[in-house]
Amino acid sequence: MKNSLVSGVRALAFGAAALALATTAAVADGHLDLKGKTIGVAVVGTQHFWDREAFNGALDTVRKLGGEVVPVDGGRDNQVHADNHDILLNNKVDAVISILGDGAVEPKFEALKNAGIPVFTVDHLSPHGVNNTTSDNYYMGTTIGRYMADAIGGEGKVAIFNAFEGALRICGIRAGLWKYVMQDYPGIEIMQPELAEEFANAPEDARKKTLDLLAANPKGTIDAIHVGCWDQPAIGVVQALEEAGRTEIKVTALDGGPETLEIMAEEGSPFVANVAQQPRKIGSTAAMNVARHFHGETLLPQTFVEVKPVNGPEEAKAVYKELGYGELN
């Protein structure tokens, strides 16, 4: 059952990747463009690296394809993000790319669809959208689960920061698949209660909560700390472990932004595994899918963009370079 699920997801991702490559070739040949089109691009916020990169990837690609852009930023307020879609509706844009957000966006998507304005989402699968561009969150959750389990020898006590499993679909998939993998390791115990990080100033919030966790659990009683949906809290987790002299505890997380890859690449870092996304490529792919739609192509409900598993410092250095962040010694 597990193997067939993972294999099916990988096959779907491979097919979507092939479509993305075909689209890139078509752009290079001049067969796709957005000339004469105005595209609204709405992002939930630009404070977080991932969100900002996806937003800029979409903006740059729409412009590269000859389209005009109406950008709106929700400032990391989900309701403001949702209401920004009214601005795009009133501007009578030709299509909308919407990046992240919670259920508040759904009636806005429905209104856009009813007005004949197609909606293309990023990391938010919607019944009102034409296509959702995302990473393979199923693969991310299972992969980080295996890496973490291997790092602690398949047994031990693990704490998890997991504030958003029930609030955001992608977080539910990632954390849910991680827990599913943990069922294969009867020697691993997930500590209760689960920890809940704040989004605002996540590193500092996670640092304080990790210090509290360590104070209540002496050395030898915690083997790993996992961040279930993203990796900004992991920065604070590592800081707390270093402050407390508890760097024997392994840290794992998801997203693979440049800051966390830098920490992973440090000699002796407790941050041992991650899965890096390509947010700029995700935003760019969403924009290319808009062009494909207007050129009469039929899109799959979801387009999966390749992720980069990162296991250990050498892979952190290699992925950092591959994603264009520079060189790490």
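This is a predicted model: local features need pLDDT of at least 70, side-chain atom pairs count only at pLDDT 80 or more; totals for chains, interfaces and linings use all residues.

Residues are numbered from 1 along each chain as its sequence is written, and side-chain values use heavy atoms, with hydrogens and water left out.

Start with the sheet. Six strands form an open sheet in the order S2-S1-S3-S4-S5-S11, with parallel pairing. Strands are DSSP runs of E with at least two residues, helices are runs of H or I with at least four, and both are numbered from the N terminus. Two strands pair if DSSP finds at least two bridges between them. Strand S2 (68-73) and strand S11 (302-305) are the edge strands, and each pairs on one side only. The twist averages 15° from one strand to the next; axes here are lines fitted to C-alpha atoms, and angles run from 0 to 180 degrees between N-to-C directions.

Look at two of the pairings. Strand S1 (residues 38-43) runs parallel to strand S3 (residues 95-99), joined by five bridges. Val43 has Ile99 in S3 as its bridge partner. Strand S5 (residues 131-135) pairs with S11 in the parallel sense over four bridges. Here Asn132 is partnered with Gln302 in S11.

In a regular strand the side chains alternate between the two faces of the sheet. S11 is covered on both faces: Gln302 and Phe304 are buried on one side, Thr303 and Val305 on the other. Buried means under 20% relative accessible area, exposed over 50%, and partly exposed in between, with a 1.4 Å probe and protein chains only.

Now Thr121, in strand S4 (residues 119-122). Is Thr121 buried or exposed? Thr121 is buried, because its relative accessible area is 1%. A polar atom of its side chain lies 2.8 Å from the backbone oxygen of His124. Beyond its neighbours within four places in sequence, Thr121 is in contact (heavy atoms within 4.5 Å) with Ser98, Phe109, Asn131, Asn132 and Thr133.

Turn to the helices. How does the span of H2 compare with 1.5 Å a residue? The 16 residues of H2 should span 22 Å, and the end C-alpha atoms are 22 Å apart, which agrees. The expected span is 1.5 Å times one less than the number of residues. The buried residues of H2 include Phe49, Trp50, Phe55 and Leu59. The buried residues of H2 pack against S1, S2, S3, S4, H9 and helix H10 (279-294). Gly66 follows H2, with a positive phi near 90°.

Helix H5 (residues 137-151) passes the length check too: its 15 residues should span 21 Å, and its end C-alpha atoms are 21 Å apart. Among its buried residues are Met140, Ile144 and Met148. Gly153 follows H5, and its phi is positive, near 70°.

Finally, the cores. A nonpolar core is a set of buried Ala, Val, Leu, Ile, Met, Phe, Trp, Tyr and Cys residues joined through side-chain atoms within 4.5 Å. The largest has 62 residues, of which Ile39, Val41, Ile97, Ile99, Ile225 and Phe271 touch the most other members. Its largest share, six residues, comes from helix H2 (residues 49-64). Another core, of 19 residues, lies apart from it, with Met140, Ile152, Met182 and Ala224 among its members.

How values were computed:
A polar contact is a pair of N or O atoms within 3.5 Å; within protein, one must be able to donate a hydrogen and the other to accept it, and residues adjacent in sequence count only if both atoms are side-chain atoms.
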